[in-house]
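Here is a briefing on one protein chain. Look over the structure first, then read the notes by topic.

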Amino acid sequence: MNENQTNYNNESITSLKGADRVRLRPSVIFGSDGLEGCQHSIFEILSNSIDEAREGFGSLIEVKRYQDHSVSVKDYGRGIPVDFNSKEGRYNWELVFCELYAGGKYQNNSGENYEFSLGLNGLGTCATQYSSAYMDTVIHRDGYCYTLHFEKGENIGGLKKEPTNDVTGTEIKWLPDKDVFTNIDVSLSFFQDILKKQAIVNAGLTFILYDEETDSSFTYVYNNGIQDYLQELNAGKGFTEVQYYEQETKGRDREDKPEYKLKFQVAFCFNNEVNLLEYYHNSSFLEYGGSPDKAVKNAFVFAIDKYLKANALYKKEEKKITFSDIEDSLILVINSFSTVTSYENQTKKSITNKFIQDAITEYLRHQLEIYFIENKVEADKIAAQILANKRSRETAEKTRVNIRKKLTGNIDMNNRVEKFVNCRSKDITKREIYIVEGDSALGACKLGRDAEFQAIIPIRGKILNCLKADYNKIFNNDIITDILKVLGCGVEMKSKHSNINSFDLEQLRWNKIIICTDADVDGFQIRTLILTMLYRLVPTLIKEKKVFIAESPLYEITCGKDTYFAYSDSEKNSITAKLKNKKYKINRSKGLGENQPEMMWETTMNPETRRLILVSEDGAEKTQQKFELLLGENLKGRKEFIETEGYRYLDLSDLS
């Protein structure tokens, strides 16, 4: 037993006081001591200004992001009360900025202030002040301008108060403290995203963002809230019109709990190019949903399943739809407000109110039933698409299971993959797999390799063009499935409605995947088809710099007992220029299968002398476009490319 254990006594118990309650344990309040926590501290200040505007005080909020990572939020509300509070016997600024669990939003169910507020717990403003390197506040109210300055959770200089005009509002500027958060570099995109979201769910409220780093400004306003947002997303792409409903009601989560108010807005449409589910409660974006998400899943599955059964649209003994079949084609936003809210925690990413879930479920079930009756054409379109999604998902799942069966296997695949030649080493960091062209190249490479760490698999015949073929055809191709078996890492696949990915980079059995083909037209085509296969089925291998091309020499130049290899015409010219006063002979390099083992080792397989070209993801978009142009379905584009660019490649015909 060490000394510290023996000294554990009554004096060992301590409590954090003042700013240390947040500064030493920020994740308790903000959910994280990293970037996410810092971002949430910003939202805490922003949410107070939003609450003011929702109460009808101010319709503009200005946010500034500074180069030094400081932030300011300015509103035109009533201004935070900071003067002396006779009821509490203290100044309000002490309660608001220096006291956890103090605020003006505890009576929101009694109809006094802030009925539908983001802030509930009296934590946000104080916690953000405590976690700041400094915070400056300027407050206009009651004909006075009040200013406060804080440093690392401590007030400096007290409250300053001067007469001013009738303008009201609050401006807070602060710098998140690096001593509290591990990262305070909050990106411009975070501010853009959060202000856009708040504009969407607070109809008519204008947010202006100024970014000092880029010297640019952005304005966000949706006059009709989520209706405008849905119209924006659905424009010209959806196969139904946007439906919008709103409802106000009252209820309780349990019989012995107080009754509270609930109002909510729902907007949705069906679209095959965009799918989106977003939930907001009292303006807080519910990343994990909770009650409204459960309500939507229940109501949509119930209503659409009922319609499919009523119209005999299921096939005999067909399984019932799931919500994932609906979600694939659904754009939906719910914006709800309640005077009593049960958040999972202070970060407000999910709510748990039972009454909210039940009320939205019942209302949506009823509204969807009416919608389907009154809009038969749209209802039939929805039903047909959901069934198509379902059947696509089921087909994809079967494909995934079949692929897994085909590709799983023992690491010793000598008897499972035809003509595969393994290496001895089990060390993944050293193992290399050569994908070679044909049986003759297999023989030369097998004799020329280092069997300790170099394995070989030959391509038997012409490989399938994976950009043109569907997955079923691809995985019925023995060459492709054998290569994937040997690689061992599965495949990366996404169908339109389902992710059937079975890829795992950790299962890759090789440090390098090396494509080795002849330096002629056929060899180039086979190389391109192998790259196309890897690009479509395992693109991460390219991203992770695992794929290489082995350069084969074009010319063999002999001068007496010396042999030189040239990999291009320019290299050939350079070598012959040095040999101009000597007698030499130039031979076109043979195909891989005709090379002697010694030559294969020296030119193609010896890590000390070979030339490998890394297949890079740089310009992946251009590569994709070129692959799809030359190997895809765009016949017209391919013809135009050959007509305009084909002359550049005519000399390749001389290589055969």
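Start where two helices meet: Tyr371, Phe372, Ile373 and Glu374 in H11 touch Lys376, Glu378, Ala379 and Ile382 in H12. Contact means heavy atoms within 4.5 Å. Helices (H or I, at least four residues) and strands (E, at least two) are DSSP runs, numbered from the N terminus.

This is a predicted model, in which local features need pLDDT of at least 70 and side-chain atom pairs count only at pLDDT 80 or more, while totals for chains, interfaces and linings use all residues. Residues are numbered from 1 along each chain as its sequence is written, and side-chain values use heavy atoms, with hydrogens and water left out.

**The H11 and H12 pair**

- By class, the contact of H11 with H12 has 5 nonpolar, no polar and 3 charged residues.
- Ala, Val, Leu, Ile, Met, Phe, Trp, Tyr, Cys and Pro count as nonpolar; Asp, Glu, Lys and Arg count as charged; the others, Gly among them, count as polar.
- H11 covers residues 354-374 and H12 covers residues 376-407; they pack at an angle of about 110°, with their axes 5 Å apart.
- That makes H11 roughly perpendicular to H12.
- Angles under 35 degrees count as roughly parallel, over 145 as roughly antiparallel, 65 to 115 as roughly perpendicular and the rest as oblique.
- Axes are lines fitted to C-alpha atoms, for helices over the stretch in contact, and angles run from 0 to 180 degrees between N-to-C directions.

**The whole chain**

- The chain has 21 helices and 26 strands.
- Of its 656 residues, 49% count as buried.
- Buried means under 20% relative accessible area, exposed means over 50%, and partly exposed lies in between (1.4 Å probe, protein chains only).
- Take the contacts between residues at least 6 apart in sequence: 68% of them join residues at least 24 apart.

**The five-strand sheet**

- An open sheet of 5 strands runs in the order E12-E13-E17-E14-E15, with mixed pairing.
- Two strands pair if DSSP finds at least two bridges between them.
- E12 (243-251) and E15 (284-285) stand at the edges with a single partner strand each, so one side of each has no neighbour in the sheet.
- E14 (residues 276-281) and E17 (residues 330-338) pair in the parallel sense over 6 bridges.
- Leucine 277 stands opposite leucine 332 in E17.
- Helix H7 (residues 188-201) lies across E14, E15 and E17, at about 75° to E14.
- H11 also packs on this sheet, touching E12, E13 (260-270), E14 and E17, and its direction makes about 40° with that of E13.

**The nonpolar cores**

- A nonpolar core is a set of buried Ala, Val, Leu, Ile, Met, Phe, Trp, Tyr and Cys residues joined through side-chain atoms within 4.5 Å.
- The largest nonpolar core has 62 residues, and Leu46, Phe97 and Phe207 touch the most other members.
- H7 gives the most to this core, with 8 residues.
- Leaving aside neighbours within four places in sequence, the contacts of phenylalanine 207 include Leu46, Ile50, Leu195 and Phe218.
- A second, separate core of 45 residues includes Leu464, Phe475, Ile479 and Phe503.

- Arginine 141 sits in strand E5 (residues 132-141).
- Arginine 141 counts as buried because its relative accessibility is 18%.
- Arginine 141 and valine 82 are 59 residues apart in sequence, yet 9.4 Å apart in space, C-alpha to C-alpha.
- Aspartate 305 lies in helix H9 (residues 291-310).
- At 6% relative accessibility, aspartate 305 counts as buried.
- Beyond its neighbours within four places in sequence, aspartate 305 is in contact with Phe300, Tyr314, Lys320 and Ile321.

**The three-strand sheet**

- Here 3 strands form an open sheet in the order E24-E23-E25, with antiparallel pairing.
- E24 and E25 (585-588) are at the edges, each with a single partner strand, so one side of each lacks a neighbour in the sheet.
- The twist averages 25° from one strand to the next.
- E23 (residues 555-559) and E24 (residues 562-566) pair over 5 bridges.
- In their hairpin, with 2 residues between the strands, glycine 560 takes a positive phi near 65°.
- E23 is joined to E25 by 4 bridges, and threonine 558 stands opposite lysine 585 in E25.
- Helix H18 (residues 569-578) lies across E23, E24 and E25, at about 150° to E24.
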